[in-house]
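Reader: I have a structure to go through with you. Can we start with the pockets?
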Amino acid sequence: MMRADPPASHFVAGRPLEDRAGAPLAVDYPFTGTEIARLHEATPAVIEAAVAAAAAAQRDWAGVRPVERGRILTRAAALIRARGEALARLETLDTGKPIAETRVADWPSGADALEFFGGLAAGLGGETIPLGRDFAYTLREPLGVCVGIGAWNYPSQIACWKAAPALACGNAMVFKPSELTPLGALELAAILSEAGLPAGLFSVVQGGAAVGAALVADDRVAKVSLTGSVATGRRVYAAAAEGMKAATMELGGKSPLIVFADADLDEAVGAAMLGNFYSAGQVCSNGTRVFVAEPVMAAFLERLVARTRALRLGDPLDPATQIGPLVSAGQRAKVLAHIAAARAAGARLVAGGGGGPFAAGHFVEPTVFAGVTDDMALAREEVFGPVMAVMGFAGEEEVVARANALPYGLAAGIFTRDLARAHRVAAAVAAGTVWINSYNLTPVEMPFGGVRLSGLGRENGRAAIEHYSRIKAVHVGMGPLDAPY
Ligand code: NAD
């Protein structure tokens, strides 16, 4: 029987930690539905141990030379790369995503973040501000103890994207992975420790909403970074506000991908497939509203349907598999219900629509609906599965207005050969990230995050530093004091 049991449920204060008093947490392999690990949710004692260790360790860590902090992060990245195959396999077992993806996307992207912020650490600082006779300077300080809360679609990448900037800036982090995918973050904690990270600076505690909420409410916590749904984001942001804590919210969306008539159609079809079917559609920034210019609609659909039908569903550990199962039976049921509702609303199913050929596994076929109208639920609600909605449009102004009509703003895509149009539309769409003639690429050098209900704050890029550090201004009077008394 295939097992992937970690040494213990949690990683706290530099080592694996078990507390069997916590509620059992079964981890299933989404391809077979069988249990591969059994963990326990964090008890209040585990949470206390993690936060106390973080608070104690952070005080020393803030005093470590930045170049040394960075060296530990880059060493961790090297360990990740050296163990790439084993980590990819674990990520596939945890999530059900094809190994063809987890080899190139998940941990490698996490390693990129550790390298990027590891390199940046030594270059961070403040500025001096001349004031005539007096002057001021700024100190860039860490925030303190940060809490990271992850979603289940990119569990290890999310853990790295949060840990790397947090630690580079001199913070400690307590990370709570999604209860559906708890394994990768434990590996990250062990790897950071092996790379030389002092105990307590990156702890992992398991559990669901209650454990996350307990962490966010703790007075010793200065910041919370959540990757999750809009509904959860509202709750977590509100809880953080109670304690006036800093917050980064990486939430969901219903992003538009706009294909103009002059686009390279094969490229646009490829982008639409990448932006709807990768990770079985469980990607927050997916371009799930594909707006296609009417003159090229027929050609676009013909190529899209042919290429979609050729996609290979199968065993996620088979390197030839392109589409794996969804993360859970519940998510599959939710996606199939969206498909049924779209059919009932009159959308035209042109590819997929079913649960795939396998008896086990939480599969949904890559699915394309044409003739979707803006009022349908499929055009308004995040599905988080491999379901694409294709809609026609006539003009640029019209499509921008429709793209911006929803309250979300995570991402947008534009396919056109017209340079001026590309940049004009990029400026006009409500989105934190815009891809021109590309889609869903998130290199660590580029900031990533949402506007409107899709969230606030930024991960990646230099921009992330602003969300894991704060500025203290120091005024220096060169005397004599100019007092009015
Ligand atoms: P979710 O909102 O159900 O859960 C996210 C995390 O929050 C989990 O770890 C969960 O245990 C925790 N949580 C839930 N309630 C909480 C509470 N009250 N207090 C503290 N923590 C709480 O999301 P999910 O189903 O795991 O992930 C899918 C969602 O995440 C989608 O909406 C997707 O768009 C979004 N997402 C966004 C990004 C991004 O970067 N913008 C990336 C991936 C996923």
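Reader: Which element gives the most to the lining of the largest pocket?
Author: α9 does, with seven residues. This is a predicted model, where local features need pLDDT of at least 70 and side-chain atom pairs count only at pLDDT 80 or more, while totals for chains, interfaces and linings use all residues. Residues are numbered from 1 along each chain as its sequence is written, and side-chain values use heavy atoms, with hydrogens and water left out.
Reader: What counts as a pocket?
Author: On a 1 Å grid over the protein atoms alone, a pocket is an open set of points where a 1.4 Å probe fits, with protein on both sides within 12 Å along at least five of seven lines; lining residues have an atom within 4 Å of a point.
Reader: What volume does the largest pocket have?
Author: About 870 Å³, taken as the space filled by probe spheres set on the grid points, which are joined across faces, edges and corners. Of its 35 lining residues, Thr227, Gly228, Ser229, Val230 and Thr232 are the closest to the centre.
Reader: New topic: which side-chain atoms lie how far from the ligand's oxygen atoms?
Author: An N or O atom in the side chain of serine 229 is 2.7 Å from a ligand oxygen, and for threonine 232 the distance is 2.6 Å.
Reader: And the second largest pocket, how much space lies in it?
Author: About 490 Å³. Among its 24 lining residues, Tyr154, Gln157, Trp161, Asn440 and Thr442 lie nearest the centre.

Note on methods: A polar contact is a pair of N or O atoms within 3.5 Å; within protein, one must be able to donate a hydrogen and the other to accept it, and residues adjacent in sequence count only if both atoms are side-chain atoms. Helices (H or I, at least four residues) and strands (E, at least two) are DSSP runs, numbered from the N terminus.
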